[in-house]
Amino acid sequence: MLRKTHITVGAAAGGLYAVATGEPLLLVAAGICGGALGGAISDVDSDSSPTHGLAVKAVSAGMVLAAAAAVLEQRYGVTISGYLKSQDRLLEILLGVILFSAICLYGINTPHRSFMHSFVACILLRCTVQLILPSAAMAFTVGFLSHLALDVITKQGIQLLWPMDKRFRLGLCKAGNSAVNGFLCYGSILVAVGCIAARILKL
């Protein structure tokens, strides 16, 4: 499916999960954001996807920051690693960001609809998000799974059980079908807005 469809459906799925589990409204917002990220991240393996370019920039920026931190520590005695060790939660977050970036860096260099469209990637990325922001981890997972579900119904299919080569597909439509993408986008928005409004009004 198209990028906007994956982001919209992922965001809606994450928000609906948060509403269904009775999360407070602030965490519903976190669920929407987590779901949107989960819905978009799989396409880092597509050269034509903006997500690919953003991921490359983010990983590059992370490597530059890591190198700068090492220089500051070695040359000027700035005890960054010592500070991080004393801040357990901060160290967890940093570890999660590094692992998330490493997985995406690997995914960038794999064929489209292979590793980054598999259950293996879903589990690995979910574990890293759990380290970074536990409250958004399940919403991220729901968003990621929505991406897999949407791509399974297309004619191209995906390698759900990577590293196995077999592609799973239902062949119901082409990924770029505007009618299907429009229906999924607007339909998911209406359902999510309706459920969140009902939660706010306590209907």
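**Helix α8 and its surroundings**

At the start of α8, the backbone nitrogen of Ala179 has a side-chain oxygen of Asn177 within 3.0 Å; helices here are DSSP runs (H or I, at least four residues), numbered from the N terminus. The model is a predicted one, so to speak: local features need pLDDT of at least 70, side-chain atom pairs count only at pLDDT 80 or more, and totals for chains, interfaces and linings use all residues. Residues are numbered from 1 along each chain as its sequence is written, and side-chain values use heavy atoms, with hydrogens and water left out.

Helix α8 covers residues 178-201, 24 residues in all, and reaches 34 Å from first C-alpha to last. That is close to the expected 34 Å at 1.5 Å a residue, the expected span being 1.5 Å times one less than the number of residues.

Asn181, Cys185, Ser188, Ala192 and Ile196 of α8 are buried, meaning under 20% relative accessible area with a 1.4 Å probe, protein chains only. The buried residues of α8 pack against α1 (3-20) and α2 (25-41).

As for α2 and α8, they pack at about 170° with axes 12 Å apart; axes are lines fitted to C-alpha atoms over the stretch in contact, and angles run from 0 to 180 degrees between N-to-C directions. The two helices are therefore roughly antiparallel, a label for angles over 145 degrees. On the α2 side the contact (heavy atoms within 4.5 Å) involves Leu25, Val28 and Ile32, and on the α8 side Ile196, Arg199 and Ile200.

Notes. Buried < 20%, exposed > 50% of the residue type's maximum accessible area, 1.4 Å probe, protein only. Polar contact = N/O pair within 3.5 Å; in protein donor to acceptor, adjacent residues only side chain to side chain. Parallel < 35°, antiparallel > 145°, perpendicular 65-115°, else oblique.
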